[in-house]
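Have the viewer open and follow along.

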Amino acid sequence: MQSSQHVSTSIRAIVLLSALGVSTTHAFAQASGSYAPDGYRIETIETPDGVPFEIAGLAACDDGKVYAAIRIGDVWTLENKTPDAAITEPRWVKFADGLNEPAGVACDGSGAIIVAQKPELTRLVDIDGDGVADEYINLADDWEFHDNYHEYHFGPAKDQLGNLYGTLNLSHDKPGAFAMGAMGSTGGYRGWAYRISPDGEFHPYASGLRSPAGIGTSPTGEIFYTDNQGDWVGTSKLHILEEGKFYGHPVSLRDHPDFTVDSIKALPVNELKEMSEDPVVWFPHVEVSNSPGNPEWDETGGKFGPFEGQIFIGDQTQSNVFRVMLEKIEGKYQGGVLNFIGGFQSGNIRTSFDAHGHLWVGQTTAGWAAKGPKPFGLERVVWDAETDPFELLDISVTPTGFILQFTEGLKPETVTAAAFVAQQWHYLYSGNYGSPKEDLVGLITNSVSLSDDGKEVTVSLDLTKGKVVEIDFSGVKSLDGRSPSVGKVYYTLNQIPK
Amino acid sequence: MIEGRNSIWCLLVVAVVFIAAGCSKESAEHSIDAEDPVVAISNDELEAGQATYNLHCVSCHGRNLEGAAGVSLVDSEWLHGESLNDISSNIQVGFIDSGMPGFSDFLSESEVENLAKFIWSKRQGWGHVDYHIYPVSAEDEPGFSILETVEPVVSGSFKNGLADFERIEIPHFAVELEGPMNIPWDEPTALLFEEAGWTNANQNTKLMVEIDGEPVEPVNRGAWDWIYPVEAGTQNVKVLYFTSGPSAPGEDWTMWHKSSARVFAVRADGSAKLAPLSRLAKIDMEDSVVEVVVDDRPEVVRLRTLDLPSYSVNVGLANRLSYAFNTRSCAIVGLWEGEFLDIGPNVIGRGKEASEIMGEWAFRFPNVLTIKNDNGAACEFEKYTRGDTPAFYFSRNGRDYRMVAQASPNGVRIEFSSKTIEPTSDIELIIPDMEAFSVKQTEVEQSASNGFTPLTAVIIERR
C-alpha cells in the first residue's frame, strides 16, 4: 500500500506476458500500419515498475484521478496535478489489491469506486482518506461464478436513475457446461446482463450475451454494450441494452424461466434469429474489430475535436480505436463505424475521457494476441486543439443512399461517383465461430452531389434492408489537398427511412 | 548435496520401464519396448528407496523430488544416462564438481539400487519422443491413412521427452509422436492438448491418441482443448496430429497450430497442470510462477485457488499462516502453513488454472471451520476490511457476525463477534481435526469494540 515512484509490491516474481501471447482464436492478419487524424497523437504513460499492468478496467474520474484495475487484482490511481505530469512524473498509488480479475471500474464519488470482479460487484471505499481502500463491500454477487477463466464480469455502467448494469461472460472450455458452439454456460446467469437498483436489488436484465467485454452509458442515460465475434456472433457488434431482450447466444436461455436446456436445443435457428435483437452496428472482423471493449462517448464539448457525441471503442486484437456514429431510424438506433486511430502499443480494452478531453486507453492482451507488440500498458489520445483533422465526420442514411459529412470542405473534382465505391453483405447467424461476409456484392453508385458548403456528399445507392454497406471514399481530398487518414465507413442498415 | 544442472540427477531418458510408486500392492513388471530390458520394481523396493531418499537426498532435491539446492529429479532433462545402472552408478560416484558427493561409502548396493528405482519411478511424462513428420497438402482431408502412402520428410527423437511442434518446418503436415510415458501421480491424470485447433473441421485438423496400441477417446474440454484420460504407471503413448489448413486470407491456421500447440499432463478434471509434455508447455509452466508473499501486513487475494471452492478469499498472515474465507458459506474453508500463494497459473497467459498455496494444508475443504449454530443456513456476505487485521462481516439466519483471524505467537486466534447477538449466547464452532495444530478455547473481551461484542474465540497453535 505504497505510493509509487517507489512501488513496492508483494509480488516477488513476475513474468511478463509477451513470451506467452502467441496464440489466439481470432484472426491474425490486421489492417496495416499506424494512422491518425491530423492533430491527434498517442502518448504513452509509464506504469508502475515491476507490475504486470494489464489494464482491464479504467476510469478517469471527476476528482482528476485515473483509476486502473489490473488483471492480477490491483486497482491503482494515477494522481497528477496537470496533464503533462502524467507523462513527465506519473504518480501511481496502489488503491486496492487482491481482487479476482477486475474487468471494469467506475467512479462512485469521493474516495470510492466500484469494481467488477469475477465473483462480485464491489465498492471500494477509502475510509481514512489515505488514498488506499479500507473496505471491500459486496454490492452484488447474485450470479454464479464457477472458477472458469472466461467467466469475466464487465461493468458497471450507471443510468440516470442510479441503477448499475453489468455483463456476465459465458464460459469457455468448462467441463459440463451447456454449449452450442465455443462458449458455454453452467447456469447462474452466465451470458446475461444484470441491473442493480439503488437499493441493492439484483435483477437479471437481458440474455443472449456471449463475450460482452464493454458496457457504457450514453449521454442520455441509455446503456449500450459490445460483444465479441464467435459462436452465434457473426462479427463483433454494438447493441443498446434493453430489459427482457435476447441478444442471440442461446445457451444463456437456460436461466430464462421459459426455457430448459432441452427446449433450447430444440429451437430452430430461424426461431432463435427471430427472437434476437439486431445490433445497432456491426463491426467488420479484422477490418475494424475482433475484440471490442467499452463504448465511450465524447462529451468533452469539443476538447477532443469535432467528434462530439460520437462513440469511441478500443479493440484488443487490432490495437486500434474506432468510432461509431448513431442515428435513429423508425425509432431505433443504427449507424456507421470507421477506424479512428491505430498503432497502439498493446491490445486496447478500455477507453475513458478525462476532463481535459484526453481519451485514456487501457491495454492488455490477457493471453490473446494483439497487433501491438506489448502485453499491457496505458496510453492516451490527445488532440492538439489547433489542427483541424480532415476526416469523415458523420454518416446518415436517406431513402436513396447516404449523406457523408466531412470535417472540412472537399475538392469538388475529387467528388465523383467513381470516388465512392460501395459494397454490401450480411452476416450468418449460426453456432459457427464467426461468419464470412455473406452475399458480398458491389453496389453501383448512382450519383454523388456536393453540398454548397463543400462538406457534405450525398451518395445515391440502391439500398437493401439488413445489409452492412461499406463505402470507400479514400479518393476524396480536402480543399487544401489532404486525404483522410481512414477511407472506409461501414453502415449497418437495419432500417431504410421512408 | 549441491550440484549443477548436468548431474546424475538430471539424467535419464527412460527407455526401459517405469513403475509408479503406490499404484499397486503387487510387484509390477512392464516392458515399454521389445528391445528394452524388463525391470520389475516392488512396492517394498520403492518404500526402501523412498526412505533412503528422505534421509540423504530430500534436503537438496526436495520432498517431491522437485529440486531445491539440487536440481529437479522429475523433469524432462536427464543427461547422464537413462538406465537404472546409470542412475545407480551416478549415485555411487557423484558429481563432486557440481557439489554432489558419491554415496558409495554411505549406502549399500541394495540401498543404492532401491534409491535408483524410487527416483526412476517418479519420472514425469515421456522418456523420449520419437517423431516422424509427413507432408500433406492443403487440400487433403484430415486423417491418418495418408501416413501409409507417403514417406516422412523428417524423423528423429526428442531426447528430452518434450514434443516440439515448432521443429516442423513444412506448412501442412501430419506428425507422429511416440514414446514411453510415466504417470507417477496418485490422483487421476489425463493428457491435455491445449490451444491449437487439434480436431476442428473448420481448420482441417485431426488428433488421435493411442495408449499401448489402443485408441483413446477424448474428453472434449471445449473448442480448442482436448483431454485424454491416462492410467498411472508406464505406457507407450502415441500421438497423431494432422493439420492442412485451410489458410483463409490473413488466418494462417497451420502456422498458429505449430506455434501454439501445448501438451501437458494434468489432473483428470483439468483443474491443474502437473507436468509439461511439449517444449512450449514447459516454457509456460516455468514462466507461470507469480508468488505473492506476506511482508509485515496481511495480504488478501481472492483469485481462484486449487482445492478450494469458488468464492474463497485467501488471507496470508505475517507468521506464515494463511486461511481462506468463503463468501458463499461464510466459513473458513482452508488453513495452511508456509508461504502464501503462487497466483501465476491464474494470471499468466489466459489464466486457465488455479492459484496454488505455497505450503502444507492444516485442513481444507470440505472440512471447514464455522459457526455450528447457523451451519447450513444461507449466508449473506457483507464486506471485508483490510489493514493490519482483515475482518469479514456477514450474517446467517439474520444474525450478524464479524470474523477476525489474527496471527498469534505460535498460530492464529480466530474470534467471532456481533453487533446484535447477546454475548451470553452459546455460540459453538465446528473445527476440523488437524495433525499439526491443536485448538483451544480462549477468553474474549466482555466489552464491545466498534459496536461489536466478542462471542467466542479459539487459538489454533502449532503442536
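Is Phe394(B) buried or exposed? With a relative accessibility of 2%, Phe394(B) counts as buried. Bear in mind that this is a predicted model.

## Rings that pair up

Phe394(B) and Tyr401(B) make a stacked aromatic pair, with 5.5 Å from centre to centre and 25° between the planes.

Over all chains, the count of aromatic pairs comes to 51. One of them is Trp425(A) with Tyr490(A), an edge-to-face pair at 6.4 Å centre to centre and 65° between the planes. Trp425(A) sits in strand β30 (residues 421-427) of chain A and Tyr490(A) in strand β35 (residues 488-493) of chain A, so this pair ties together parts that lie 65 residues apart in sequence. Trp425(A) is buried at a relative accessible area of 0%, and Tyr490(A) is buried too, at 4%.

## Charges over rings

Chain B also has charged side chains placed over aromatic faces. Lys273(B) puts its charged end over the ring of Phe264(B), 4.1 Å from the centre. Arg328(B) does something of the kind with Tyr311(B), lying over its face at 3.9 Å from the ring centre.

## A sheet built from both chains

Now for the strands. Ten of them form an open sheet with antiparallel pairing, in the order β6(A)-β7(A)-β8(A)-β9(A)-β21(B)-β22(B)-β23(B)-β24(B)-β27(B)-β26(B). Which strands stand at the edges? They are β6 (105-107) of chain A and β26 (437-441) of chain B; each has a single partner strand, so one side of each is left without a neighbour in the sheet. Ignoring direction, neighbouring strands here are turned by 25° against each other on average.

At the chain B end, β26(B) pairs with strand β27 (residues 453-462) of chain B in the antiparallel sense, over five bridges.

## A four-stranded sheet in chain A

Chain A has an open sheet of four strands, again with antiparallel pairing, ordered β10-β11-β15-β16. Its edges are β10 (153-158) and β16 (202-207), each with a single partner strand, so one side of each has no neighbour in the sheet. On average, neighbouring strands of this sheet are turned by 25° against each other, direction ignored.

Strand β15 (residues 192-196) of chain A and β16(A) run antiparallel and are joined by five bridges. In β16(A), Pro204(A) is the bridge partner of Tyr194(A).

## A buried loop asparagine

Last stop: the loop of chain A between β18 (223-227) and β19 (237-240), where Asn228(A) lies. Asn228(A) counts as buried because its relative accessible area is 8%, and the cut-off for buried is under 20%.

What is Asn228(A) in contact with, leaving aside its neighbours within four places in sequence? The partners are Arg210(A), Ser211(A), Ala213(A), Val233(A), Ser236(A), Asn290(A), Ser291(A) and Pro292(A). For Pro292(A) there is a polar detail to check: its backbone oxygen lies 3.4 Å from a polar atom of the Asn228(A) side chain.

How values were computed:
Residues numbered from 1 in each chain as written. Chains lettered and ligands numbered in written order. Predicted model: local features only at pLDDT ≥ 70, side-chain atom pairs only at ≥ 80, totals over all residues. Heavy atoms only, no water. Helix = DSSP H or I, 4+ residues; strand = E, 2+ residues; numbered from the N terminus. Buried < 20%, exposed > 50% of the residue type's maximum accessible area, 1.4 Å probe, protein only. Polar contact = N/O pair within 3.5 Å; in protein donor to acceptor, adjacent residues only side chain to side chain. Contact = heavy atoms within 4.5 Å. Phe/Tyr/Trp six-rings, centres within 6.5 Å; stacked < 30°, edge-to-face > 60°. Lys NZ or Arg CZ within 6 Å of the ring centre and 35° of its normal. Pairing = 2+ DSSP bridges. Axes fitted to C-alpha atoms, helices over the stretch in contact; angles between N-to-C directions.
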